[in-house]
Amino acid sequence: MGELNMYRQLGIKPNFTQIGKKYGLHRQTVAKYWNRGDEIEDRRRDKESSFDEFRDVIERKAALPGVTKKAIHEFLLDRHPEAGLPKYGAFTKYCRERGIECASASEPDAHPRFETPAGRQMQFDWKEDLEMVDVNGEVFEFNVFSAVLGFSRAHRFIYSRTRTEDDLLACLLATFVRFGGMTEEAITDNMSALVTFVNGKRVKSERAWRFAKEAGFKLKLCRVSTPQTKGKDESSNRFVNRLLAYDRDFEGEQGLIDAIARIEARSNAEPNDTTGLPPAVLFMKEKEHLRPIGNLRALQEMVGNVSVQKVPATMLVRAAGRQWSVPRACIGKKVNVITMPSGQVRVTLD
């Protein structure tokens with residue numbers, strides 16, 4: 001039974017203005033329906049949605065394994081900023097009304113949450129063995145280093161082809177440089193870059209613990225099979241899953257790195273479910289509690305051979321007997337070119 005017919009059954013004259021606002025109609029139009037004994041035609045859903053233009057893209061991305069609605073929405077905002085698309089709530093409603101669903105994911109086991117004061121703890125891990133294809137059909141196999149500050153939930157995501165000890169130390173150093181300081185402790189799992197197991201006993205990497213001591217933080221490992229100990233970083237890996245929405249929609253390795261950087265920026269700008277504030281806002285407070293980085297030059301040398309170079313207009317720096325391309329934004333700036341024992345080269349701003 002329609003709304004006007006309900007009023008007729010009750011013998012009550014409705015408020016035409018109020019009903020008009022509800023259905024997006026003028027009060028005189030509502031009165032006309034009432035006087036004729038007709039029912040209102042609710043045409044609100046007939047209005048074209050700004051997401052309709054991208055429905056094919058939405059359905060294609062939703063079919064990808066592991067992709068979430070949040071990932072698809074972020075992808076659309078990134079690729080089509082000129083469209084002025086509505087917020088995430090409107091997107092979920094659009095998908096729900098049209099029966100668009102992403103593949104379901106298993107629910108994680110429940111575990112108690114604990115909070116740490118500002119500057120106390122950073123959690124880090126690898127998002128391992130990812131594989132994506134670019135617009136030209138080239139396959140990229142890679143890993144993403146992810147770190148999160150315990151108090152502010154500030155995120156750091158770094159692309160890495162491999163996840164050796166060289167890669168780990170380089171990512172840790174780059175993370176502390178980006179944050180402008182370091183926490184009292186850094187916690188992670190028993191990754192192969194840090195420990196090996198000999199006759200059932202855990203043997204720690206001397207180089208990694210020496211790096212932590214030189215830098216000025218405590219390196220801690222969570223117990224085996226207890227990833228929830230570093231649950232904040234496990235949670236941050238959900239943000240990395242947004243990367244899957246870019247499959248076949250990026251070009252080359254640099255396009256992949258740029259996509260990861262955009263996801264990091266968005267992750268730090270949107271409110272956290274627990275704190276209710278964007279990590280970037282809370283980081284302004286946590287930054288005051290971070291410890292100064294130790295001997296930076298010594299840490300860089302522990303990671304690999306370091307040279308400081310000014311980037312020319314050609315955007316090429318020299319390392320390991322060859323030239324390496326760097327982003328255009330580095331032109332005219334000094335960068336640290338680190339050649340690691342594995343032969344891999346990393347470039348960071350000086």
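**Close-up views of a predicted model**

**View 1. Helices α1 and α2 are roughly antiparallel to each other, a term that applies to angles over 145 degrees, whereas angles under 35 degrees count as roughly parallel, 65 to 115 as roughly perpendicular and the rest as oblique.** In this predicted model, the axes of α1 (residues 3-10) and α2 come within 12 Å and cross at roughly 155°, where axes are lines fitted to C-alpha atoms, for helices over the stretch in contact, and angles run from 0 to 180 degrees between N-to-C directions. The crossing of the two helices α1 and α2 is right-handed (the near helix is turned clockwise from the far one by less than a right angle). E3, L4 and Y7 of α1 meet I19, K22 and Y23 of α2, contact being defined as heavy atoms within 4.5 Å. Helices (H or I, at least four residues) and strands (E, at least two) are DSSP runs, numbered from the N terminus.

**View 2. T17 is placed in helix α2, which spans residues 16-23.** With a relative accessibility of 36%, T17 counts as partly exposed (buried means under 20% relative accessible area, exposed over 50%, and partly exposed in between, with a 1.4 Å probe and protein chains only). The side chains of T17 and R27 are joined by a polar contact of 3.1 Å, that is, a pair of N or O atoms within 3.5 Å, of which, within protein, one must be able to donate a hydrogen and the other to accept it, while residues adjacent in sequence count only if both atoms are side-chain atoms. V30 is 13 residues from T17 in sequence, and their C-alpha atoms are 8.0 Å apart in space.

**View 3. K69 lies in helix α5, residues 69-79, and counts as buried at 17% relative accessibility.** Apart from neighbours within four places in sequence, K69 is in contact with Y88, F91, T92, C95, I100, E101 and C102. C95 is itself buried, with a relative accessible area of 1%. The closest cysteine sulfur to that of C95 belongs to C102 and is 6.9 Å away, too far for a bond, and a search of the whole structure finds 0 disulfides (pairs of cysteine sulfur atoms within 2.5 Å).

**View 4. G99 lies in the loop between α6 (88-97) and β1 (121-133).** G99 counts as exposed at 56% relative accessibility, and its C-alpha atom is separated by 9.9 Å from that of E59, 40 residues apart along the chain.

**Notes.** Residues are numbered from 1 along each chain as its sequence is written, and side-chain values use heavy atoms, with hydrogens and water left out. As the model is predicted, local features need pLDDT of at least 70 and side-chain atom pairs count only at pLDDT 80 or more, while totals for chains, interfaces and linings use all residues.
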